[in-house]
Amino acid sequence: MEQFGFCSKTFNENLPSPSTNIIGLTKITVDQALKNATNTFNFIENLLKNTTDPGVKNALMVCEKGYKIVEQSFQEASREFEAKDYENMKRSEQGTPRAQGSCATNFEIPPFPSNPLVERNKQMRILIAMALVTANLLKV
């Protein structure tokens, strides 16, 4: 994992019991990824309301679109997890790295100021990786 401390903290803060199995760990990753995607999407919408710079606004619109895809994907993954449809859950999660990545790269082209989503993007990237890893460990 990219950030062992972040991963460990995410699991430990959300463990229902010390003997949580891979199914429980997968639920944590899906739930936390969905929560993070929703919070970040809302944060982006608030930034958009208060941004007048056209370049920043366009970059934020790319982020908004990407995070909407991530949010919808994890909403679907959550429904599929609850239905024990782990194969489709994995499929729902597979496009999330690319959708989230579009937000991470669109601020790299000058003359943009620093990306206001750096830390949120980093956390989302880690949560997506955690979700993909746990989903792939499930025996279907």
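Let's start at V70. Leaving out residues up to four places away in sequence, V70 touches A37, T96, A99, Q100, M124 and I128. Contact here means heavy atoms within 4.5 Å.

A word on the model before going further. This is a predicted model, where local features need pLDDT of at least 70 and side-chain atom pairs count only at pLDDT 80 or more, while totals for chains, interfaces and linings use all residues. Residues are numbered from 1 along each chain as its sequence is written, and side-chain values use heavy atoms, with hydrogens and water left out.

Back to V70, and to the core. Which residues have the most contacts inside the largest nonpolar core? They are V70, F74, M89 and M124, in a core of 31 residues. A nonpolar core is a set of buried Ala, Val, Leu, Ile, Met, Phe, Trp, Tyr and Cys residues joined through side-chain atoms within 4.5 Å. Buried means under 20% relative accessible area, exposed means over 50%, and partly exposed is in between, with a 1.4 Å probe and protein chains only.

Where does that core come from? At least two of its residues are supplied by each of α1 (4–14), α2 (22–49), α3, α4 (86–94), α5 (96–105) and α6 (118–137). The helices are DSSP runs of H or I, at least four residues long, numbered from the N terminus.

Next, the cysteines. The search of the whole structure finds one disulfide. A disulfide is a pair of cysteine sulfur atoms within 2.5 Å. Here the pair is C63 and C103, with sulfur atoms 2.1 Å apart. C63 lies in helix α3 and C103 in helix α5, so the pair ties together parts that are 40 residues apart in sequence. The torsion about the S-S bond is about 85°, so this disulfide is right-handed. Is C63 buried or exposed? Buried, because its relative accessible area is 0%. C103 also counts as buried, at 0% relative accessibility. Another cysteine, C7, is buried too, with a relative accessible area of 4%.

Stay on α3 for a moment. K65 lies in this helix, which spans residues 54–82. K65 is exposed, because its relative accessible area is 60%. The C-alpha atoms of K65 and C103 are separated by 8.7 Å, and the two residues are 38 apart along the chain.

Now the largest pocket. It holds about 280 Å³ of space. Its lining has 13 residues, and F6, T10, E13, Q32 and Q123 lie nearest the pocket's centre. Two or more lining residues come from each of α1, α2 and α6. By type, the lining divides into two nonpolar, seven polar and four charged.

The method, quickly. Rolling a probe the size of a water molecule over the atoms shows where empty space is left. A pocket is an open set of points, on a 1 Å grid over the protein atoms alone, where a 1.4 Å probe fits and protein lies on both sides within 12 Å along at least five of seven lines; lining residues have an atom within 4 Å of a point. Grid points are joined across faces, edges and corners, and the volume is the space filled by probe spheres set on the points. Ala, Val, Leu, Ile, Met, Phe, Trp, Tyr, Cys and Pro count as nonpolar, Asp, Glu, Lys and Arg as charged, and the others, Gly among them, as polar.

Take F6 from that lining. F6 is found in helix α1. It is partly exposed, with a relative accessible area of 22%. Beyond four places in sequence, F6 touches Q123, I126 and L127. From F6 to I126 is 120 residues along the chain, yet their C-alpha atoms are separated by 8.2 Å.

N36 is next, in helix α2. It counts as buried, at 12% relative accessibility. Neighbours within four places aside, N36 is in contact with R120, Q123, M124 and L127.

T20 sits in the loop between α1 and α2. At 18% relative accessibility, T20 counts as buried. T20 touches L15 and L25, not counting residues up to four places away. T20 and E119 are 28 Å apart, C-alpha to C-alpha, and 99 residues apart in sequence.

Last, K84. K84 is found in the loop between α3 and α4. It counts as exposed, at 63% relative accessibility. What is the phi of K84? It is positive, about 60°, although K84 is not a glycine. Most residues other than glycine have a negative phi.
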